[in-house]
Amino acid sequence: AAAALAQRVKRLAAEGGVLVEQAERIPGGEGLVRLRLRLSGQDRAVVALTDRIEREAPLLRFASWQVSALAGGGLRVEGEAVAAWR
């Protein structure tokens with residue numbers, strides 16, 4: 001499940017021109033998948049990707065996150081995302 005969700009994030013990121021610096025599984029709980037994500041790119045692309053991740057099925061919600069400004073109008077979003085999985 002974690003591998004499938006990480007691949008989905010990478011595919012969506014590639015479509016939007018966003019770099020996936022990190023997408024690794026971290027311990028969740030029964031029925032939960034948790035990923036540690038670090039995404040960077042142009043501000044609008046990163047915001048659009050984050051929105052797609054949280055709105056499109058399968059839903060993946062950021063449980064915690066931090067946004068940092070990068071040079072040249074870029075953003076980096078770092079956080080932990082959680083999804084229910086059977």
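Select arginine 38. Its relative accessible area is 25%, so arginine 38 is partly exposed (buried means under 20% relative accessible area, exposed over 50%, partly exposed in between, with a 1.4 Å probe and protein chains only). Helices (H or I, at least four residues) and strands (E, at least two) are DSSP runs, numbered from the N terminus.

A note on what you are viewing. This is a predicted model, with residues numbered from 1 along each chain as its sequence is written. Local features need pLDDT of at least 70 and side-chain atom pairs count only at pLDDT 80 or more, while totals for chains, interfaces and linings use all residues; side-chain values use heavy atoms, and hydrogens and water are left out.

**Stay on strand E2**

Move to arginine 34, also placed in strand E2. Which residue is its salt-bridge partner? Select glutamate 80: the closest N and O atoms of the pair are 2.5 Å apart. Arginine 34 in strand E2 (residues 32-42) and glutamate 80 in strand E4 (residues 74-84) are 46 residues apart, so to speak in distant parts of the chain that the pair links. Show the neighbours of arginine 34 next. Not counting residues up to four places away in sequence, arginine 34 touches Glu24, Arg25, Ile26, Pro27, Gly28, Glu80, Ala81 and Val82 (contact means heavy atoms within 4.5 Å).

**Zoom out**

Switch to a cartoon of the whole chain. How many helices and strands does the chain have? Its secondary structure comes to two helices and four strands. From the N terminus on, the order is α-β-β-α-β-β. The radius of gyration is 12 Å, close to the 12 Å that the globule rule gives for 86 residues, so the chain is as compact as a globular protein of that length. That radius is taken over C-alpha atoms, and the globule rule is 2.2 Å times the number of residues to the power 0.38. Along its principal axes, the C-alpha trace spans about 40 × 20 × 20 Å.

Of the 86 residues, 35% count as buried. Among contacts with a separation of 6 or more, 54% come from residues 24 or more positions apart.

Select residues 43-55, which make up helix H2. Start with valine 46, which lies in this helix. Valine 46 counts as buried, at 1% relative accessibility. Leaving aside neighbours within four places in sequence, valine 46 is in contact with Val18, Ser40, Gly41, Leu75 and Val77.

Step on to threonine 50 in helix H2. Is threonine 50 buried or exposed? At 18% relative accessibility, threonine 50 counts as buried. Beyond residues up to four places away in sequence, threonine 50 touches Phe62 and Val77.

Next comes isoleucine 53, again in helix H2. Isoleucine 53 is buried, with 0% relative accessibility. Show its contacts, leaving aside neighbours within four places in sequence: Arg8, Val9, Leu12, Leu39, Pro58, Leu59, Leu60 and Phe62. Alanine 13 is 40 residues from isoleucine 53 in sequence and 9.6 Å away in space, C-alpha to C-alpha.

**Follow the loop**

Pick proline 58, one of the contacts of isoleucine 53. Proline 58 is found in the loop between H2 and strand E3 (61-70). Look at the peptide bond that joins alanine 57 and proline 58: it is cis, with omega about -5°. Most peptide bonds are trans.

**Finish with the charges**

Select glutamate 54 and arginine 61. They form a salt bridge, the closest N and O atoms being 3.9 Å apart. Glutamate 54 is partly exposed at 21% relative accessibility. Arginine 61 is partly exposed as well, with a relative accessible area of 44%. Now select Arg11, Glu15, Arg52 and Glu56: salt bridges that share partners join these residues into one network. The total count comes to 10 salt bridges.

How values were computed:
A salt bridge is a side-chain nitrogen of Lys or Arg within 4 Å of a carboxyl oxygen of Asp or Glu.
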